[in-house]
Amino acid sequence: MFTFVLGGIPRVAGCRVQPGIKKIMMSSHVERTAENFRQKSVSEAEVMSISDASESVKLLTLKVTANDFTFKAGQWVDFVVPGVERVGGFSMYTSPDQLTENGTLGLAVKKSEHQPAMWVHTKCTVGSKVSLRVGGDQLLYDPQSDSPSWNLLLIAGGIGINPIFSVLNRVCGFHRQCKNVNGVYKPGVTELLYSASVPNELIFRESISEMVKQHPNEISSKYFITRGKDGSIQELKKTENVIERRISEDDLRSSITRLNHNSLLCMVCGPPPMIDSFEEILQKQGIPKENILTEKWW
């Protein structure tokens with residue numbers, strides 16, 4: 001069977017939110033996720049590399065010291081920095097396969113005033129040490145060999161791509177294994193709708209495009225640019241399926257038709273207003289509520 005987990009990404013940017021959501025945003029990651037599952041063990045980790053995914057996003061590769069450290073695609077970690085009062089909450093963008101292969105995982109951290117995020121952008125260096133604890137229990141991609149071959153509609157807004165990309169990495173891992181190993185889970189068809197404000201904020205786009213090239217019959221992607229109006233969009237359109245607007249109800253309806261709503265799981269990560277709107281639209285299009293898995297980033 002499938003299990004799913006809710007992630008914790010610390011910030012909403014550029015969205016108009018209701019007073020109740022503002023109150024939640026002001027609370028800490030630990031408070032927002034207090035009722036979520038957390039592993040008991042805490043592992044130290046060392047920063048092995050740090051790079052720029054965009055002007056506003058840093059990529060961290062972390063080497064985990066504990067041999068029993070595990071996570072599922074879509075989960076997050078409590079991110080504890082020595083000397084920093086607040087605990088961060090960031091979803092992995094890498095697959096659990098990478099952790100198994102070399103003991104590392106990847107985090108993409110959006111710049112903000114949130115203390116752990118600010119530390120990553122201003123003080124973190126190769127060799128920095130942090131502590132990690134895996135958590136989450138509502139949006140987790142962990143199919144077993146006898147699970148149904150569900151089709152997936154993956155929808156990401158901004159930095160909400162993190163857990164979605166982790167799921168996509170896991171899907172690609174299964175497709176590769178299916179070619180060489182019998183009895184491995186076989187995913188259905190996967191479609192990604194990915195929205196960002198400007199082309200440069202479509203982090204992981206090149207990796208996603210390579211996945212599509214490697215699995216053209218199983219994986220497709222469509223990109224949406226909501227604000228950028230420069231020449232870079234026209235250049236991007238030469239090689240990618242890019243639309244200059246927000247993801248619409250018609251886009252969701254078209255994807256559902258292609259993917260067959262009777263065997264479809266939808267996973268959505270982004271700002272709360274986007275999540276609430278898409279949940280309503282997906283249910284209106286006949287997707288059962290239990291087949292819509294969401295993660296709101298704060």
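**A tour of the salt bridges**

Begin by selecting Arg38 and Asp78, which form a salt bridge (a side-chain nitrogen of Lys or Arg within 4 Å of a carboxyl oxygen of Asp or Glu) whose closest N and O atoms are 2.6 Å apart. Arg38 lies in the loop between helix 2 (29-32) and strand 1 (43-52), whereas Asp78 belongs to strand 3 (residues 76-80), so the pair ties together parts that are 40 residues apart in sequence. Helices (H or I, at least four residues) and strands (E, at least two) are DSSP runs, numbered from the N terminus.

The model on screen is a predicted one, in which local features need pLDDT of at least 70 and side-chain atom pairs count only at pLDDT 80 or more, while totals for chains, interfaces and linings use all residues. Residues are numbered from 1 along each chain as its sequence is written, and side-chain values use heavy atoms, with hydrogens and water left out.

Are Arg38 and Asp78 buried or exposed? Arg38 is buried at 16% relative accessible area, and Asp78 is buried at 4%; buried means under 20%, exposed over 50%, and partly exposed in between (1.4 Å probe, protein chains only).

Next, select Glu201 and Lys110, a salt bridge with its closest N and O atoms 3.5 Å apart. Glu201 sits in the loop between strand 8 (190-196) and helix 6 (205-214), and Lys110 in strand 5 (residues 104-110), so this pair ties together parts 91 residues apart in sequence. Glu201 is buried, at 15%, while Lys110 is partly exposed, at 30%.

Then move to Asp251 and Arg245, whose side chains meet in a salt bridge of 2.6 Å, N to O. Asp251 is buried, at 7%, and Arg245 is partly exposed, at 34%.
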